[in-house]
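Welcome! Here is a short briefing to read alongside the sequence and the 3D view.

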Amino acid sequence: MSEHVTRAFDAGARRYDLLTSLNPGYHAHLRRAATALAEAVPHARTIVDLGCGSGASTRALLDAFGAGVRIIGVDASPGMLAEARAKQWPASVTFQQGRAGASGDVLDGPVDGVLACYLFRNVPADARDAALRDTHDHLAPGGALVAQDYALDGSPAPRAVWTTVALGVVRPLATVTGGNRALYSHLHRSVIDFDAPAAFADRLVAAGFDDVARSTVPGWQHQILHLFRARRPAQPVEGSLP
């Protein structure tokens, strides 16, 4: 995530939970992603919520895994982390400031699973492959990544729906509720510029993941919101972390 985008998240942090609460299905989709990770690594001991934001995805992980699993929320934005830390958490949940692609700065060893919701779209395209390799290399062999994000495949209908919602609903709501307008302008543009779903799946394979699968959701976000599942091979790859 660039410094410019990080500052936009800092500026919008105080109103972020309010705005996401107005997004129909937002928390249900986070729970779906967290459940997918719990199904992939049912015996996990340590999970990372990469790009945890204000903690909504962390809460979904806590609900899916329970308080007996260590959950580390990682985010580049101090403002978003402050919102996350202000909530009530069991001792098994902690938060660290860090960036995708630099997991070694915040992790003390391999982890069993990584959840990354609405994250990789915010990683600059020229740094995205390195961020995915870093995520892969900090998973224990057999560990899983679940990534959820908005992505368009070039079809005109999903792009038109996304633009209508982003410019006609989200930005006006941000203005009315006192949210940071620049952040939601970035949201619109970042989805337009992000990898197509198939291209992001190809990036996962190139980063060393296998068992790569993707799915979309019903409703207005069909072919707009996608869930990606991937696994680090059980046999370590030469040159990656043990």
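R128 and D195 form a salt bridge, with their closest N and O atoms 3.2 Å apart; a salt bridge here is a side-chain nitrogen of Lys or Arg within 4 Å of a carboxyl oxygen of Asp or Glu. R128 sits in helix α5 (residues 125-137) and D195 in the loop between α7 (181-193) and α8 (197-206), so the pair ties together parts that are 67 residues apart in sequence. Helices (H or I, at least four residues) and strands (E, at least two) are DSSP runs, numbered from the N terminus.

This is a predicted model, in which local features need pLDDT of at least 70, side-chain atom pairs count only at pLDDT 80 or more, and totals for chains, interfaces and linings use all residues. Residues are numbered from 1 along each chain as its sequence is written, and side-chain values use heavy atoms, leaving out hydrogens and water.

**Around D195**
- R203 also meets D195 in a salt bridge, at 2.6 Å from N to O.
- R128, D129, D195 and R203 are linked in a network of salt bridges.
- R128 counts as buried at 4% relative accessibility, as do D195 at 12% and R203 at 16%. (Buried means under 20% relative accessible area, exposed over 50%, partly exposed in between, with a 1.4 Å probe and protein chains only.)

**Another salt bridge**
- R70 pairs with D108, their closest N and O atoms being 3.5 Å apart.
- R70 is partly exposed at 34% relative accessibility, while D108 is exposed at 66%.

**The whole chain**
- The chain has eight helices and seven strands.
- Buried residues make up 52% of its 242 residues.
- The structure holds eight salt bridges.
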